[in-house]
Amino acid sequence: MDTKEKKLIQLIFKSIFGINDPKILEMLEKTCTIVKKQKDEILFRQYQKGSIIYYLIDGRIKLYRLDEKGNECVVHFVRNNEFFAEILLTQDVYPVNAQMLMDSIMIGIDKNILLSFLKPNPELSLHIIYLFSQRINYLVDTLERLSTQNAKERFLNYLNYLKRTQKSNTIVLDLPKQELALLLGMSKETFSRIEKQLNQEGIICVKNKQIDILKQILP
């Protein structure tokens with residue numbers, strides 16, 4: 001690992017975990033490796049045993065599951081500055097497949113070394129557990145919505161999620177519409193039909209990737 005990569009890793013731990021102690025940063029650095037993958041490569045597969053948690057520095061990654069018939073169900077699109085596979089803190093098997101949508105570079109963090117380091121540092125442990133639990137809860141909610149709601153409800157829930165996170169009634173779609181359709185478990189045609197219907201009903205106003213929410217979309 002060169003000096004530039006070491007500085008990048010330290011910067012990430014500083015900005016995300018608020019760690020400034022040089023000794024702690026040096027120890028955490030030892031848990032990390034730089035991982036580079038090309039477009040279409042598989043990083044890990046569903047049910048594969050592993051111990052590496054990842055942080056995406058640059059690129060785009062698709063997390064998806066395969067059902068018994070081999071049908072693909074997209075769980076999440078990982079974007080820059082996101083952790084993924086943090087579920088390995090509680091188990092030893094990846095629950096999804098991870099495929100590169102473009103050339104990507106990420107940090108791999110060995111959970112076994114990380115956990116051994118966290119044991120004598122309870123405050124840091126709680127902070128990291130809190131950050132990862134938020135991500136896990138989001139993914140669990142996503143899976144629940146896919147299994148219990150119809151296409152229109154999933155669409156409206158996602159708009160509501162963007163409204164909350166962007167803190168505005170004018171939201172910007174954070175993914176291309178084709179990827180959003182996959183994420184919400186519907187075809188691109190169904191996505192466009194629902195978007196057009198809500199636009200005609202005066203519930204939303206669509207301007208390319210920008211959507212103005214004109215009426216309350218959920219009770």
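Two strands count as paired if DSSP finds at least two bridges between them, and strands themselves are DSSP runs (E, at least two residues), numbered from the N terminus. Keep that in mind for this tour of a predicted model, where local features need pLDDT of at least 70, side-chain atom pairs count only at pLDDT 80 or more, and totals for chains, interfaces and linings use all residues. Residues are numbered from 1 along each chain as its sequence is written, and side-chain values use heavy atoms, with hydrogens and water left out.

Start with the whole sheet: it is open, has 4 strands in the order β2-β7-β4-β5, and pairs antiparallel. Now pick β2 (42-44) and β5 (72-78): each sits at an edge with a single partner strand, so one side of each is left without a neighbour in the sheet.

Next, select β7, residues 97-100, which runs antiparallel to β2 and is joined to β2 by 2 bridges. Show Phe 44 and you'll find Ala 98 of β7 opposite; show Ile 42, and the residue opposite is Gln 99 of β7.

Are they buried or exposed? Asn 97 and Gln 99 on one side, and Ala 98 and Met 100 on the other, are all buried (under 20% relative accessible area, with a 1.4 Å probe and protein chains only). Both faces of β7 are covered, then.

How values were computed
Buried < 20%, exposed > 50% of the residue type's maximum accessible area, 1.4 Å probe, protein only.
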